[in-house]
Number of protein chains: 2
Amino acid sequence: MSNNQFKRGELYSVINGIASTAVARRLQKNFRNAGLEITIEQWSILYHLWKEDGLSQQELCTRTFRDKASITRLIDNIERLGLVERIASKEDRRVNLVYLTDASKPLQEATYNLANQTMNEALQGISKEEIEIVKSVFQRVYENSK
Amino acid sequence: MSNNQFKRGELYSVINGIASTAVARRLQKNFRNAGLEITIEQWSILYHLWKEDGLSQQELCTRTFRDKASITRLIDNIERLGLVERIASKEDRRVNLVYLTDASKPLQEATYNLANQTMNEALQGISKEEIEIVKSVFQRVYENSK
DNA sequence: GGTGCAAAGTTAACGGGTAAATATTTGGTA
DNA sequence: TACCAAATATTTACCCGTTAACTTTGCACC
């Protein structure tokens, strides 16, 4: 691939993730309009815990592509909201396991629906084949850049 | 488009912009390794000023897809680095025009080269046709979500 | 058993994004 | 002229991402 094949300006929006930012902002707005007072980042933690409860913070780092320090603060905030709690692992005392509380349960259905609806709106008019190409390209870009 | 055509989990990385985050992080690292002490966000402002100097803050909002408050703080920081300066518009006293200083000049060539190199590495093994599809999809996602 | 290293998590400092409230200026209009 | 609405920019408060330094714990190895 030559140095000049792609113009910087054209790819600028890709670098800055304009499209994904727009989707995230929209989803955040939909949460707020529905009276759900959580951020997208907090929701992404809950999302993984709904799939598998009791993950360690380190495991949440891996699954959400986040830093240890980010996870610490995210869990701090979600715990303050009463949606999760840290429980020290009995096997390894370095490890905190993060468990959902009962208060988190009502959020699951509502946020899933809003996320689905938001993604469907975002992907209006885009074919399944195009989605597959985007996913494939993203995977390679991620591998090339990580 | 049915509600179940796309699985949330598969699109999760798109929502969170994992790929674009990885590219941005890599570019930031390349800047730092080259001794360039500016952030990607600061660079994005300089990038637009190198194309056209003396833009208003509002115009920078539009071109960088950013909030007014973000621009205010970004310009604060870049101004503190001595790379730009605010000059009040004579036509409209509400407006600040942002001008590059001489100190910003040496950055232009170096950052352009690093940005080009970073993008080329990120896009290794990706065809021109795929790029076009991604850009087209992103444009529609952005329009659908903004 | 002590030493040293790696892993998990916390903290602080800095930069940036967003929302809401505020001030200033402009321009139109009654 | 007086008033009002819109545009530009700032400020504050809160949240998140990254880095670097640090603590605690586990483990391997001599």
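Strand S2 (residues 84-88) of chain B pairs with strand S3 of chain B in the antiparallel sense over five bridges; pairing here asks for at least two DSSP bridges between two strands. This is a predicted model, in which local features need pLDDT of at least 70 and side-chain atom pairs count only at pLDDT 80 or more, while totals for chains, interfaces and linings use all residues. Residues are numbered from 1 along each chain as its sequence is written, and chains are lettered from A and ligands numbered from 1 in the order in which they are written. Helices (H or I, at least four residues) and strands (E, at least two) are DSSP runs, numbered from the N terminus.

**The sheet of chain B**

- The pair above belongs to an open, antiparallel sheet of three strands in the order S1-S3-S2 (chain B). S1 and S2 of chain B each have a single partner strand and stand at the edges, so one side of each is left without a neighbour in the sheet.
- Helix H5(B) packs on this sheet, where it touches S2 and S3 of chain B, and its direction makes about 120° with that of S2(B). Contact means C-beta atoms, placed from the backbone, within 7 Å; axes are lines fitted to C-alpha atoms, for helices over the stretch in contact, with angles from 0 to 180 degrees between N-to-C directions.

- S2(A) and S3 (residues 96-100) of chain A run antiparallel and are joined by five bridges; Val84(A) has Leu100(A) as its partner in S3(A).

**Nonpolar cores**

- The largest nonpolar core has 33 residues, and Ala19(A), Val23(A), Val141(A), Val23(B) and Val141(B) have the most contacts inside it. Such a core is a set of buried Ala, Val, Leu, Ile, Met, Phe, Trp, Tyr and Cys residues joined through C-beta atoms within 7 Å; buried means that 20 or more other C-beta atoms, placed from the backbone, lie within 10 Å of a residue's own.
- Helices H2 (18-33), H6 (105-122) and H7 (128-145) of both chain A and chain B each supply at least two residues of this core, and its largest share, seven residues, comes from H2(A).
- Leaving aside neighbours within four places in sequence, Val141(B) is in contact with Ala19(A), Val23(A), Ala122(A) and Leu123(A).

**Surfaces near the DNA**

- Around DNA strand D there are 25 residues, and Ala69(A), Ser70(A), Gln57(B), Gln58(B) and Ala69(B) come nearest. A residue is near a strand if its C-beta atom, placed from the backbone, lies within 6 Å of it.
- H5(A) gives the largest share of the surface near DNA strand D, five residues.
- Around DNA strand C there are 25 residues, with Gln57(A), Gln58(A), Ala69(A), Ala69(B) and Ser70(B) coming nearest.
- H5(B) gives the most to the surface near DNA strand C, with five residues.

Note on methods:
Buried ≥ 20, exposed ≤ 12 C-beta atoms within 10 Å, placed from the backbone. Contact = placed C-beta atoms within 7 Å.
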